[in-house]
Amino acid sequence: MAVSFAVIGVFLLALSVGALYGEADTSAATDRALKQPLQEFNSCGEKAMPIFANNYRARTCLDHMEHGASRCGYYVIDDGRESYVVFCDINTEIGFAWTLIESVALKHNSLVKSKALYVNWPLNENSPNWYMYRLSLGRMFRIRDHSAYWRATCEFPSAGIDYRDYVRAKVTDVDPLTSTGNGVCKAVEYINIRGHIGVKTTAPFWNGASTHMCTVSTSTSCSFKPSLGSVSGEDNFGYYANTNSKFRCTATADSTTQYWMGDYVKRQRFTPCKNCDKVY
């Protein structure tokens, strides 16, 4: 419990002084833009929650959910190596719990454009925010080890989950932390780009040492082909060398792209705790 309080203290201090500075080099203008916590309201339909203390070890947001937590917000997780604060979405998709591993605004895309998710490039990892945030590779791997799925979302703080401009896949089919290649067809459970929908289909993915994970709308090499309404070479869910204002992640400079790791509740593994939602 002492470890959790120490982590909470560091997190609150970071927010109180605006210390949302990442390990990567940032400009003064960018730093000023980051001096804010997550928005007051999140897409879970309620005020952004303060950190929830706990009396059990939670490796990911799923463990919090299985202990009875039911609201989105900041949670402390202990991945076996260290404890830290993450943002959890545990009620926009029934039965799923998602841990945020990256969120970047289009105007800050240059910081991650050439950084594949398997490259260690942490940004403000101790201060979750929507505009410039990314966990270290070690933290991502340890969360991934207890996750069966990943998803990418657009404008989660304002749009929530309506399954437009959204992709979800099994880690065993395409692992953002290990998959490499350009235009490789990978199985996805669901994908939506500008209203084009694919269910249990294949989509082309790029993920290289100098390319953030993405798919390209104009590629016709796989089953999913959202080329109608696309722009030439349109990038989706990352990289963003070519953007389309009709794609939610790239509609404006302030539009954001999120990557998450998660899983669904397969069974009630734990007895729900009595004070899961107690705020300290």
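## T257 and its polar contact

The side chains of T257 and Y240 are joined by a polar contact of 2.7 Å, a polar contact being a pair of N or O atoms within 3.5 Å; within protein, one must be able to donate a hydrogen and the other to accept it, and residues adjacent in sequence count only if both atoms are side-chain atoms. T257 lies in strand 11; helices (H or I, at least four residues) and strands (E, at least two) are DSSP runs, numbered from the N terminus. T257 has a relative accessible area of 6% and is therefore buried, where buried means under 20% relative accessible area, exposed over 50% and partly exposed in between (1.4 Å probe, protein chains only). Neighbours within four places in sequence aside, T257 is in contact with E102, S103, V104, T153, F237, Y240 and C249, contact meaning heavy atoms within 4.5 Å.

This is a predicted model, in which local features need pLDDT of at least 70 and side-chain atom pairs count only at pLDDT 80 or more, while totals for chains, interfaces and linings use all residues. Residues are numbered from 1 along each chain as its sequence is written, and side-chain values use heavy atoms, with hydrogens and water left out.

## Nonpolar cores

A nonpolar core is a set of buried Ala, Val, Leu, Ile, Met, Phe, Trp, Tyr and Cys residues joined through side-chain atoms within 4.5 Å. The largest one comprises 54 residues, and I90, W150, V167, I191, F237 and Y259 have the most contacts inside it. Strand 3 (residues 96-105) supplies the largest share of this core, six residues. Apart from it lies another core, of five residues, with V104, L111, V112 and M132 among them.

Y259 is in contact with T99, L100, I101, E102, L117, W150, R151, A152, H212, M213 and F237, leaving aside its neighbours within four places in sequence. F237 is placed in the loop between strand 10 (235-236) and strand 11. Although F237 is not a glycine, its phi is positive, at about 65°. F237 is buried because its relative accessible area is 2%.

Strand 7 (residues 181-193) pairs with strand 8 (residues 196-208) in the antiparallel sense over ten bridges; two strands pair if DSSP finds at least two bridges between them. V184 stands opposite F205 in strand 8. The hairpin of strand 7 and strand 8 has two residues between the strands, and R194 takes a positive phi near 55° there. Strand 8 is also joined to strand 9 by two bridges, the two running antiparallel, and a hairpin connects them through two residues. The bridge partner of G208 in strand 9 is T211.

M213 belongs to strand 9 (residues 211-216). M213 counts as buried because its relative accessibility is 1%. Not counting residues up to four places away in sequence, M213 touches L117, W150, V174, P176, F205, W206, N207, F237, G238, Y239 and Y259. The C-alpha atoms of M213 and N182 are separated by 9.6 Å, with the two residues 31 apart along the chain.

## Helix 4

Helix 4 (residues 137-144) is mostly covered, with six of its eight residues buried. These are L137, R139, M140, R142, I143 and R144. Their cover includes strand 1 (73-78), strand 2 (83-89), strand 3, strand 4 (132-134) and strand 11 (256-264).

The charged end of R139 sits over the ring of Y84, 3.9 Å from its centre; the criterion is that NZ of Lys or CZ of Arg is within 6 Å of the ring centre and within 35 degrees of the ring normal. Elsewhere, R151 lies over the face of W260, at 4.4 Å from the ring centre.

## Aromatic pairs

Rings of Phe, Tyr and Trp (its six-membered ring) pair if their centres lie within 6.5 Å; planes under 30 degrees apart count as stacked, over 60 as edge-to-face and the rest as tilted. The count by this rule is 17 aromatic pairs. F96 and W98 form a stacked pair, at 5.3 Å centre to centre and 10° between the planes. F96 is buried at a relative accessible area of 11%, and W98 is buried at 0%.

Y163 and Y166 have ring centres 5.0 Å apart and planes at 70°, so this pair is edge-to-face. Y163 is partly exposed, with a relative accessible area of 30%, whereas Y166 is buried, with 2%. Y163 lies in the loop between helix 5 (156-159) and strand 6 (166-170), and its phi is near 70°, a positive value in a residue other than glycine. Ring pairs also link Y74, F87, W130, F156 and W260 into a cluster.
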